[in-house]
Amino acid sequence: MVSLTAPYVSGFLAFREVPFLLELVQQLREKEPGLMPQVLLVDGNGVLHHRGFGVACHLGVLTDLPCVGVAKKLLQVDGLENNALHKEKIRLLQTRGDSFPLLGDSGTVLGMPTGQPSPSLSQALRSHDRSTRPLYISVGHRMSLEAAVRLTCCCCRFRIPEPVRQADISSREHIRKSLGLPGPRTLRSPKAQRPVACPKRDSGESSGGAPSPQRQADRTTPGGRRSTAQHQVGQR
DNA sequence: GCGACAG
DNA sequence: ATCTTGTCGC
């Protein structure tokens, strides 16, 4: 269990979560090196970021592990917009694995002018046949966008890649068992709501024939927090 | 008032 | 992220 102190500010997610993710990787490295994953699926963006360097890039550089940014919402940056045109493109993704490149209008890659058609470093991906909502995959560290998209898709039993999904589920369970037991909403009684604690405000992989390369994700802060005035409770 | 808003 | 309301499939 960890206690997050830095507030969540869009564009600065890494400053809030990376210290804890890094510590986990380091502990794994010294205590269970055999379980060290070959790649990390990070709940957040890689280069699809205001400054081209999201949490997946931070963690990748600090751990020297290949990282993939897996976001559930489009970070509208560099001219990218979740507008009608974008939604139409999403609608055209027919089956799992279908994707399209997200190309900003800056004409730069990682902030460096190319003077050439900029290669996309992120894509919208339909990860499952049964889910219309896409995943926004972006290069984090030491992996091509193509490999990142394929790997992510191969990890999807449902919309969210299993490593991220399982981390999410277990972390929420851990929080539920420690702090009160809000438990998942039953959806039974329409009027069963807990009192509000806080009034307002605060308010490179498949080498060899050995399949099953990656595993382990990182995924951090679940939801639990929001009790005192700002933020606490992390997990794992 | 309205749009944005990775988690 | 969290919260609501509503729909659909198993």
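Nonpolar side chains (Val, Leu, Ile, Met, Phe, Trp, Tyr) are joined within 5 Å.

This is a predicted model: local features need pLDDT of at least 70, side-chain atom pairs count only at pLDDT 80 or more, and totals for chains use all residues. Residues are numbered from 1 along each chain, and side-chain values use heavy atoms, without hydrogens and water.

**View 1. A nonpolar patch on the surface.** Val9, Phe12 and Phe15 form this patch. Together they have about 290 Å² of accessible area (Shrake-Rupley method, 1.4 Å probe, only the protein chains shown as cover).

**View 2. Phe12, ahead of helix H1.** Phe12 sits in the segment before helix H1 (13-31); helices are DSSP runs (H or I) of at least four residues, strands (E) of at least two. Phe12 counts as partly exposed because its relative accessibility is 40%; buried means under 20%, exposed over 50%, partly exposed in between (1.4 Å probe, protein chains only).

**View 3. Arg126 in its loop.** The loop lies between strand S6 (122-125) and strand S7 (135-141). Arg126 is buried, yet has no salt bridge. Asp129, the nearest side chain of opposite charge, is 5.2 Å away. The side chain of Arg126 reaches the backbone oxygen of His128 at 3.2 Å.

**View 4. Residues touching Arg126.** Among them are Leu93, Gln94, Asp98 and Cys153. Contact means heavy atoms within 4.5 Å; residues up to four places away in sequence are not counted.

Definitions and conventions. Chains are lettered from A and ligands numbered from 1 in the order in which they are written. Patches are made of residues with over 30% relative accessible area and no salt bridge: like charges are joined within 9 Å, nonpolar side chains (Val, Leu, Ile, Met, Phe, Trp, Tyr) within 5 Å. A salt bridge is a side-chain nitrogen of Lys or Arg within 4 Å of a carboxyl oxygen of Asp or Glu. Lys and Arg count as positive and Asp and Glu as negative; His and the chain ends are not counted. A polar contact is a pair of N or O atoms within 3.5 Å; within protein, one must be able to donate a hydrogen and the other to accept it, and residues adjacent in sequence count only if both atoms are side-chain atoms.
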